[in-house]
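Subject: Structure handover

Hi,

Here is the structure for you to work with.

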Amino acid sequence: EGGVDTFTELRESSVATMGMDKEKEMSEIPLLKAQTPEAADLKIHEKHIDVVCAELQSDLTKGLSAAEAERRFLEDGPNELEQPPRISLFMLFIIQLNSVIMYLLMAAVVASAAIRATGDDRDKFISYVDSIAITIIVLINATIAAVTENNANDALAALSSLQTPESTVIRDGQEIQIKSREMVVGDVVKLGTGDVVPADVRCIKADDFRVNEMLLTGEPEDVAKSTKVKLRIPGHPEKLTADNMAFSSCQVKSGSAMGLVVATAMKTRVGAIAVMLNDDGNNEVAEGPVDVETGKPAPKKKKTTGFCGLPDTKAGWSPLQVNLEALAVKLGYMAIGVCMIVFIVGFAMNTKDPESPETPSWLFMVLVAVTLTVAAIPEGLPLCVTISLSAGCSSMGGQNVLMR
């Protein structure tokens with residue numbers, strides 16, 4: 001009997017030791033996975049949730065401690081989008097005048113006024129109608145464009161307003177309510193129907209969880225989320241938004257979920273949009289936020305200043321604006337070329353002013369060449385384009401058109 005008892009004790013001790021070794025081995029798996037080269041090449045939605053948790057030094061059940069959360073908040077800053085200093089409406093008006101076609105129109109104003117000032121009717125107001133008309137067109141175009149761009153600058157404020165003011169997180173094993181701006185990477189957050197996702201999160205649990213990602217993808221349909229990890233298939237296009245991720249500022253349409261915060265503030269997907277809107281033209285190199293999925297920083301972008309130190313907004317120009325600028329440059333070269341050819345040919349033929357034969361030939365040909373140049377510049381083009389685009393945008397906005 002003593003031998004049997006001894007054998008039993010040895011067996012139980014051996015099983016217990018093996019169990020402890022197995023538990024220790026399992027506890028080290030996330031750390032080992034995180035250290036392998038293969039895991040380092042994976043995006044955050046392709047890694048096992050335990051690996052992600054280990055990398056962020058968090059706990060899936062207890063969350064962060066209050067002290068650790070405070071330390072990360074002081075290190076990373078608040079969970080909110082950065083907003084650059086707003087450009088005044090007057091400065092936007094001045095910027096609209098900083099284009100080639102505007103330079104041509106203003107040169108046409110001066111040339112037209114100079115021509116009329118040399119004529120016999122230089123004391124009459126009607127002689128300067130052309131110059132006044134072109135000036136009014138330039139001012140109206142610049143005003144409309146400045147007001148339109150000023151309204152467009154509200155886009156960043158609109159993005160910020162999409163974030164929910166408070167969120168439910170787990171810290172020290174307890175559910176608490178905090179301001180969304182105080183959320184940090186590694187927090188475990190609870191999401192339910194009607195909530196707005198406060199940061200980019202990796203799903204830990206998902207129960208019929210659906211999110212509207214129209215802000216990011218333009219698709220109005222709700223997207224079902226899960227906790228499954230789907231690896232990339234070579235040769236197949238990757239989805240814009242992963243199925244096991246919920247992104248900042250997207251609204252929860254149904255179900256509930258628990259998520260691990262992996263990115264906050266300007267490092268979120270919506271933060272990348274804010275970076276593009278934040279291009280204020282300062283003369284400095286700006287580095288985009290770190291891509292939370294690849295862990296690599298966004299490409300650096302060189303910002304420049306425009307004429308006379310004005311903010312350069314050409315970096316964000318649309319193809320239409322680029323083509324209009326190219327058209328203005330071509331018109332300018334053509335106008336100058338025609339002006340020189342007419343002047344040279346007329347001066348070579350000693351052409352005289354039929355109404356004033358005593359006027360020197362070179363002065364008459366200068367007036368003729370400048371007049372042709374002014375006529376060649378389409379002073380109504382900027383105004384027509386600006387009004388057409390503004391009217392089109394207002395019409396689409398009134399019909400709730402979605403732009404993808």
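**Helix packing**

H11 passes H12 in a right-handed crossing. Right-handed means that the near helix is turned clockwise from the far one by less than a right angle, and left-handed means anticlockwise. Before the rest, some ground rules. This is a predicted model, where local features need pLDDT of at least 70, side-chain atom pairs count only at pLDDT 80 or more, and totals for chains, interfaces and linings use all residues. Residues are numbered from 1 along each chain as its sequence is written, and side-chain values use heavy atoms, with hydrogens and water left out. Helices (H or I, at least four residues) and strands (E, at least two) are DSSP runs, numbered from the N terminus.

H11 covers residues 319–348 and H12 covers residues 361–376. Their packing angle is about 155°, and their axes are 9 Å apart. Axes are lines fitted to C-alpha atoms, for helices over the stretch in contact; angles run from 0 to 180 degrees between N-to-C directions. H11 and H12 are therefore roughly antiparallel (angles under 35 degrees count as roughly parallel, over 145 as roughly antiparallel, 65 to 115 as roughly perpendicular and the rest as oblique).

H12 also packs with H6, at an angle of about 140° and with axes 10 Å apart. That makes H6 oblique to H12. This crossing is left-handed.

**H6 itself**

H6 has 18 residues, 100–117. Its expected span (1.5 Å times one less than the number of residues) is 26 Å, and its end C-alpha atoms are 26 Å apart, which agrees. Which residues of H6 are buried? They are Ile101, Met102, Leu104, Leu105, Ala108, Val109, Ala111, Ser112 and Ile115. Buried means under 20% relative accessible area, exposed over 50%, partly exposed in between (1.4 Å probe, protein chains only).

**Strands**

Two strands pair if DSSP finds at least two bridges between them.

- E3 (residues 188–192) runs antiparallel to E7 (residues 251–263), with five bridges. Val189 has Gly259 as its bridge partner in E7.
- E4 (residues 200–212) is also antiparallel to E7, joined by ten bridges. Val211 pairs with Val252 there.
- E1 (residues 166–171) and E2 (residues 174–179) are antiparallel, with six bridges. Ser167 has Ile178 as its partner in E2. E1 and E2 form a hairpin with two residues between them, and Asp172 in the turn has a positive phi of about 55°.

**Cysteines**

The disulfide count is zero (a disulfide is a pair of cysteine sulfur atoms within 2.5 Å). Cys53 is buried at 7% relative accessible area. Cys203 is buried too, at 2%.

Best wishes
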